[in-house]
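The stops below are meant to be selected in order.

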Amino acid sequence: MHIVLYEPEIPPNTGNIARLCAGTQIELHLIEPLGFSLDDRYLKRAGLDYWPYVKLSIWHDFESYMNMVGKYHRLVMTSARGGKSLHTFEYTKDDALIFGPETRGLPQEILALSPYRVKIPIFNTVRSLNLSTSAGIILYQALASSGILDEWEHIDMNIVK
């Protein structure tokens, strides 16, 4: 399982998701163009000193990601506008959880690549949740649903000093 951020725009969101990935040992894939530099101080600050623990890959475009990594995973698209509620979706250990840019979401040509879509149920008082919040909610639901969290029960996870 891994997280894919398609053309992320806001550095602190990506930094927070990187920290989430470090804490779960889930790979993070960033699809360019990025809306910021990887040297951005807000990106670094949000990720704190956990960047050495992030399994990070950066791809020039979605096609490059698909050719090298994506073709081996089931693509689970996230969307505020449709899909199955995250708690009723059946995740697998081979899922790639794909999140779109903060201001516009995943484009139709990317959504069309997979029939698997999930959404977080929310009241219509807001259009969507923050990207890093959404990533955390969906990732932990996927880890629990796929049985990965059960596997972690036997691991000493308190290794960060």
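**Before selecting**

This is a predicted model, in which local features need pLDDT of at least 70 and side-chain atom pairs count only at pLDDT 80 or more, while totals for chains, interfaces and linings use all residues. Residues are numbered from 1 along each chain as its sequence is written, and side-chain values use heavy atoms, with hydrogens and water left out.

**The whole chain**

Show the protein chain as a cartoon: it has 6 helices and 7 strands. These are DSSP runs numbered from the N terminus, with helices being H or I of at least four residues and strands E of at least two. From the N terminus on, the order is β-α-β-α-β-α-β-β-β-α-β-α-α. Along the principal axes, the C-alpha atoms fill a box of roughly 40 × 40 × 35 Å. Of the 161 residues, 45% count as buried; buried means under 20% relative accessible area, exposed over 50%, and partly exposed in between, with a 1.4 Å probe and protein chains only.

**Helix 1 and helix 5**

Select residues 11-24 and 131-145, which are helix 1 and helix 5. Their axes come within 8 Å and cross at roughly 20°. Axes here are lines fitted to C-alpha atoms, for helices over the stretch in contact, and angles run from 0 to 180 degrees between N-to-C directions. The two helices are therefore roughly parallel to each other, a label for angles under 35 degrees.

Now show side chains. On helix 1, the contact (heavy atoms within 4.5 Å) involves Asn13, Asn16, Ile17, Leu20 and Thr24. Helix 5 contributes residues including Leu131, Ala135, Leu139 and Leu143.

**Two positive phi angles**

Where does Glu7 lie? Look in the loop between strand 1 (2-6) and helix 1. Glu7 has a positive phi of about 50° although it is not a glycine, and at 15% relative accessibility it counts as buried.

Move to Gln25, in the loop between helix 1 and strand 2. Gln25 also is not a glycine and has a positive phi, of about 55°; its relative accessibility of 42% counts as partly exposed.

**A cis peptide bond**

Select Glu32 and Pro33, which are joined by a cis peptide bond with omega about 5°. Pro33 sits in the loop between strand 2 (27-31) and helix 2 (41-47).

**Arg127**

Finish at Arg127, in the loop between strand 7 (117-119) and helix 5. Arg127 is exposed, with a relative accessible area of 79%. Leaving out residues up to four places away in sequence, Arg127 touches Ala80 and Ile122.

Terms used. Parallel < 35°, antiparallel > 145°, perpendicular 65-115°, else oblique.
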